[in-house]
Amino acid sequence: MERQIVMDSSSSSELVREMMEVIETVGSYAGFRVTQRKECLNLVRRLKLLVPLLEEIKELDYSVSGLGLALNSLLNLKKALLGAKKLLKNCNYGSKIYLAMEREAVMCRFHAVYHKINQALDNIPFDKLGVSIEVKEQFLIIVSTDGQDRYSRFSMPHRIVFTIGTIPDYRHGIKQHREMSGWLCFLIEFLQVELMRMQLKRAKRRTDTQDMELAMDMIVIFSKKDERNADIAILERLANKLELHTIAELKAEKTAIAKLVKQRGGYNETMHQIVDLLGKFKQIAGIDEAVSLDGPISTRTAQTCQSPLVPHEFVCPITLEIMTDPVIVATGQTYERDSIRKWLNSNHRTCPKTGQTLEHLSLAPNSALRNLILQWCEKNNLELPKKDNYASSVNYSAEIMEEISSLVLNLSSSQPNVRRDAIVKIRMLSKENPENRIFIANDGGIPRLVQLLSYPDSNIQEHTVTALLNLSIDETNKRLIAREGAIPAIIEILQNGTDEARENSAAALFSLSMLAENKVLVGNFNGIPPLVALLKNGTMRGKKDAATALFNLSLNQANKSRAIKAGTIPPLLHLLDDKNLGMIDEALSILLLLASHPEGRNEIGRLSFIETLVEIIRNGTPKNKECAVSVLLELGLNNSSLILAALQFGVYEPLREISISGTNRAQRKANSLLQHM
């Protein structure tokens, strides 16, 4: 017999007060990470709907016999709310990189929180507590996660169907039929359970395109051996998605990672990947420092002036060091020249301190401030670090702009050697920093370069397409290059150019297709078949560039069908067989995308491929196994016979092992597959 807990007014009021404080606290969180922001806001909104219930319970008469049984349910509800608070706090203050890498695990925690809240609400004895029907109706909203708060038809036992419009309409109907309150209580409980089951099923089936982009971007970043601008573009895209592109955001991420390492008791493989990625983000943001989670923000402590007497006007907002070569940007803010150059060279067009967009990227020396700094140092017996390049750097921008203007004019020269030299120089300048990319575009370089893509000289074509690849890193230039009609010409070079020209054409299509409208253009201009040809017959780097471009393009639904019809799947299967290429993860990532298309499933779902997947699941690297299990799960959810085939090939034991010792994502996928079996 279940033990009854005595419930009095003071204990219940305290319990209710604590739960309302939890809801108030989570309602104050305002920094949810972008990868979980939607889920967090939905959960907070639904938790707030519990407030009417808690307020009504707080006012109940606890002298009525039998109400003590409600305390267990309320205690369980409090535990569920504390679990929700812990999850939301982690999503508000935790490492953005970690939360992106472990998004599926975090989603499972959201499901678990909803399940626990649902269980606690199921066990509350509403009739004994005397809770009003209006309050009970709130639970219909709490358990829904579609974000609409609107419900249509639900099957009821004995073929009963009840249609609910908006919640206000529903309440109006209840008030007219109070005598049916007993049946409505049953209806509420039934709908509560059914809605929870439905939303959990929807969540498990849901495929988030952005998640797949993030996963593929990380695969590319961690596997790339060559440092080309296309890879920098992927890093910049990741940094923008994760909101890790300002100095303040990067410092906060470093603090969050340090806490995470401490909580985990030290480093493991995942922590090393996170720290490595943070270091790359710092580099593209122009922060020249090693990532040390135990030390101060800047590693250049020998140059940092710690004296509180240093006027803050003398300190660079980026490095927090006294400036030796102060320069003024378009917003009027002053920075150390080297630091702001690194910021601008990382493709930023905003002022680091104010966040305002810079109208131009010219840097004006702040001679008056430099003289004040020198006078202050002399007065306080301090010596600034020597800068040999100070005088020569003052007119750098003006000289470069003049040179670029001359080179752009030479692109139209009637002398082949002059034209070729201009293209080669522009290729080099466009690789160096974002200022040059903007200057070249502003001087009309892009239309002239696009015209040269069709020039009957393979060497000219190679340098031109590479220059456009470098220029396409800039978001505005992506649109301008496409608008000038470059995509068909790049596809032509991809088909008929030199090996290096074909590689860089594929990389250029990848860079341009980061914009959704350009994905459509590349598909419409029949750019996928030559990428498939490069995937089949290209060099090692060419195959990698083709795979990356095909993945990006296949995020578009129409392009999935085009990729399948172009014969993408056979060369991807070949990549799985050739271990020396080291492209198993890339191939499986594309196959996972294509497996979401009926035509792709039909072609992929052959016994020989299932056998290959099982072999990878048995003997691959941890990442290989994770990708292979994901593909098998996608196929198996749509065709149970493929699961039976995998079982015949001996997948069960390796799956059980992965479910215990694989990567976090692999464990979740393996468990889902085992449950499906």
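Which residues in H35 meet which residues in H36? The points below take up this pairing after some remarks on the model.

1. Basis of the note. This is a predicted model, in which local features need pLDDT of at least 70 and side-chain atom pairs count only at pLDDT 80 or more, while totals for chains, interfaces and linings use all residues. Residues are numbered from 1 along each chain as its sequence is written, and side-chain values use heavy atoms, with hydrogens and water left out.

2. Confidence. The chain has a mean pLDDT (the predictor's confidence in each residue, from 0 to 100) of 78, and 76% of its residues reach 70 or more. Over residues 138–194 pLDDT stays under 50, and the model has 95 contacts (heavy atoms within 4.5 Å) beyond four places in sequence for that stretch. Residues 199–208 also stay under 50, with nine contacts beyond four places in sequence.

3. The H35 and H36 pair. Helices here are DSSP runs (H or I, at least four residues), numbered from the N terminus. Leu632, Leu635, Gly636 and Asn638 in H35 meet Ser640, Leu642, Ile643 and Ala646 in H36. The axes of the two helices, which are lines fitted to C-alpha atoms over the stretch in contact, with angles from 0 to 180 degrees between N-to-C directions, come within 5 Å and cross at roughly 130°. H35 and H36 are therefore oblique to each other, a term for angles that are not under 35 degrees (roughly parallel), over 145 (roughly antiparallel) or 65 to 115 (roughly perpendicular).

4. The two sides of H36. In helix H36 (residues 640–648), Leu642, Ile643, Ala645 and Ala646 are buried, where buried means under 20% relative accessible area, exposed over 50% and partly exposed in between (1.4 Å probe, protein chains only). These four cover an arc of only 160° around the axis, which puts them on the same side of H36; the arc is that of the directions from the helix axis to the C-beta atoms. The face turned away from this buried side carries the exposed residues Leu644 and Gln648. The cover over the buried residues of H36 includes helix H34 (607–619), helix H35 (622–638) and helix H38 (664–676). Just after H36, Gly650 takes a positive phi of about 90°.

5. Nonpolar cores. A nonpolar core is a set of buried Ala, Val, Leu, Ile, Met, Phe, Trp, Tyr and Cys residues joined through side-chain atoms within 4.5 Å. The largest has 121 residues, of which Ile97, Phe281, Leu588, Ile610, Leu613 and Leu635 touch the most other members. Helix H32 (residues 584–594) gives the most to this core, with eight residues. Apart from it lies another core, of 34 residues, among them Val16, Ile57, Leu71 and Tyr114.

6. A buried loop residue. Leu384, in the loop between helix H17 (367–379) and helix H18 (390–393), is buried, with a relative accessible area of 13%. Leaving aside neighbours within four places in sequence, Leu384 is in contact with Ile322, Met323, Thr324, Ile373, Leu374 and Cys377. Leu384 and Thr324 are 60 residues apart in sequence, with a C-alpha to C-alpha distance of 6.5 Å.

7. Glu243, in the loop between helix H13 (229–242) and helix H14 (247–263), has a positive phi near 60°, and counts as partly exposed at 25% relative accessibility. Asn526 lies in the loop between helix H27 (516–524) and helix H28 (528–537); its phi is positive, near 65°, and at 48% relative accessibility Asn526 counts as partly exposed.
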